[in-house]
Amino acid sequence: MIFLAEDPTIKVLPPIITDDTIVFGLLLICLALVFYSSSLKQGFWSKFYKVVPALLMCYLLPSILSTFGIISGEAWDVVKDGQVLKEKSNLYFMASRYLLPAALVLMTLSIDLKAVFNLGPKALIMFLTGTVGIVIGGPIAILIVGSFSPETVGGDGFDAAWRGLSTLAGSWIGGGANQTAMLEVYKFNPSKYGGMVLVDIVVANLWMGILLFGIGKAAKIDRWFGADSRAIEDLKKRVSDYTESVKREATFTDMMVMLGIGFGAVAVAHFGANYLSEVMNTIDGVAKNIYLSFLTSQFFWMISIATLLGIILSYTPIKGYEGTGASRLGSIFIYILVASIGMKMDLTQVVENPLLILVGIIWMSIHAGLLILVAKITKSPYFFLAVGSQANVGGAASAPIVASEFHPSLTSVGVLLAVFGYVVGTIGAIACTVLMQMIATS
């Protein structure tokens, strides 16, 4: 691929297909192929999906299309009438802002909040372990790569690599709002910021792919951890039993009502998010306070409000729509989001800046290694490892995806941890950055 020098995430050459309506159709075809082939009980595909989770393929197929330049979830340049115009697919925005909140509401209708709390402290322990892994992983990665390539992690003034890597710490502990806060605080050179975005996209997506692959091996991993997953299985059984007790064939009216519930909640979530983010921006000190800046994020409020609405509705008769497939409808929206995330991943980007990517890979490996160590010591199920990690690294857009793959009733666990990530994201990122600065300047 050819990239602009000032922003390596922006392609000079556009993908073959740039029309979102066509790309959306291709994504749905990919999903259809995956689910059809995974439903086959005999032959090659039956054996294939015993090893590779269907969710991983929903993620990988769009990334393959992106890698070969057929589609792209990132920005590209188009020359029109002698002018260079930047264009970008809006499918991920649509999926994350429209479909994700609708899915959260529909999949939370069946939540048993008491049973979620009965899962115990291990979910929080693994989340905080993931946070610590990110905090210490950055400086260790700088120390390792700096031993043989000091120029990769060096730089002076606002070009210093540690300043740019602070944005990764913000993104991998909290989310986009925390990442932006770190960019504002440490004033990294904007012309080089694209390189950090590239590391974020490549490493975070590679790690998500590994986590998704592990879901297919969750039972074996749990046995190796010596994990007790009875609380998780109990929650899944409670929800499954409830679903069976209210199960009935969905009528056309039921489908329309469920869509009304889901997207009505989207409207409320966006209305509330727009209002609250504007209010927070007007309060003196909030927007400029690095610890509270996430409160100005519309995405943070949208996710929080949608989840809260789902929890509230779970205490009303609307909960009965779980019997007509509310969580299944929400799962469809989640899989579309998975495909739109996959299309953002161009596998050839791994070799564009290998040493900077290596910093990210070492960093993420330390995060992963610490999670595995603590999971083994505490005998925590793989579910807590995977969701705790994604609540850090992937945030509110990815944690529910991983959690829902274990069971739709567990989606809320991913959301709650991801929201907590916004709160600790900036504090953890600053701690990480201080350590990286000490290592880089020593």
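Trainee: How many aromatic pairs are there?
Mentor: This is a predicted model, and the count comes to 14 aromatic pairs. Take tryptophan 224 and phenylalanine 225: their ring centres are 5.4 Å apart with the planes at 45 degrees, so that pair is tilted.

Trainee: And is tryptophan 224 buried or exposed?
Mentor: Exposed, with a relative accessible area of 52%. Phenylalanine 225 is buried, at 4%.

Trainee: Which residues form an aromatic cluster?
Mentor: Phe44, Trp45, Phe48 and Tyr49 form one.

Trainee: OK, switching to the surface. Which residues make the nonpolar patch?
Mentor: Phe93, Tyr98, Phe252, Met256, Leu259 and Phe263 make it, and the patch covers about 610 Å².

Trainee: Which helix gives the most to that patch?
Mentor: H12, with 4 residues. Helix H4 (91–108) and helix H12 (252–282) each supply at least two.

Trainee: Let's pick methionine 256. Where is it?
Mentor: In helix H12.

Trainee: Why does methionine 256 count as partly exposed?
Mentor: Because its relative accessible area is 45%, and partly exposed runs between the 20% cut-off for buried and the 50% one for exposed.

Trainee: Back to H4, then. Where does it bend?
Mentor: At leucine 99, by about 35 degrees, and proline 101 follows within four residues. From first C-alpha to last, H4 reaches 24 Å, close to the 26 Å expected.

Trainee: Is H4 mostly covered or mostly uncovered?
Mentor: Mostly covered: 14 of its 18 residues are buried.

Trainee: Where does lysine 187 sit?
Mentor: In the loop between helix H8 (176–186) and helix H9 (193–215). Lysine 187 is partly exposed, at 41% relative accessibility.

Trainee: And what is the phi of lysine 379?
Mentor: It's positive, about 55 degrees, and that residue isn't a glycine either. Lysine 379 lies in the loop between helix H15 (354–378) and helix H16 (382–393), and it is partly exposed, with a relative accessible area of 47%.

Terms used: Residues are numbered from 1 along each chain as its sequence is written. This is a predicted model: local features need pLDDT of at least 70, side-chain atom pairs count only at pLDDT 80 or more; totals for chains, interfaces and linings use all residues. Side-chain values use heavy atoms; hydrogens and water are left out. Patches are made of residues with over 30% relative accessible area and no salt bridge: like charges are joined within 9 Å, nonpolar side chains (Val, Leu, Ile, Met, Phe, Trp, Tyr) within 5 Å. Accessible areas come from the Shrake-Rupley method with a 1.4 Å probe; for residues, only the protein chains shown count as cover. A salt bridge is a side-chain nitrogen of Lys or Arg within 4 Å of a carboxyl oxygen of Asp or Glu. Buried means under 20% relative accessible area, exposed over 50%, partly exposed in between (1.4 Å probe, protein chains only). The expected span of a helix is 1.5 Å times one less than its number of residues. The bend at a residue is the angle between axes fitted to the seven residues ending there and the seven starting there. Rings of Phe, Tyr and Trp (its six-membered ring) pair if their centres lie within 6.5 Å; planes under 30 degrees apart count as stacked, over 60 as edge-to-face and the rest as tilted.
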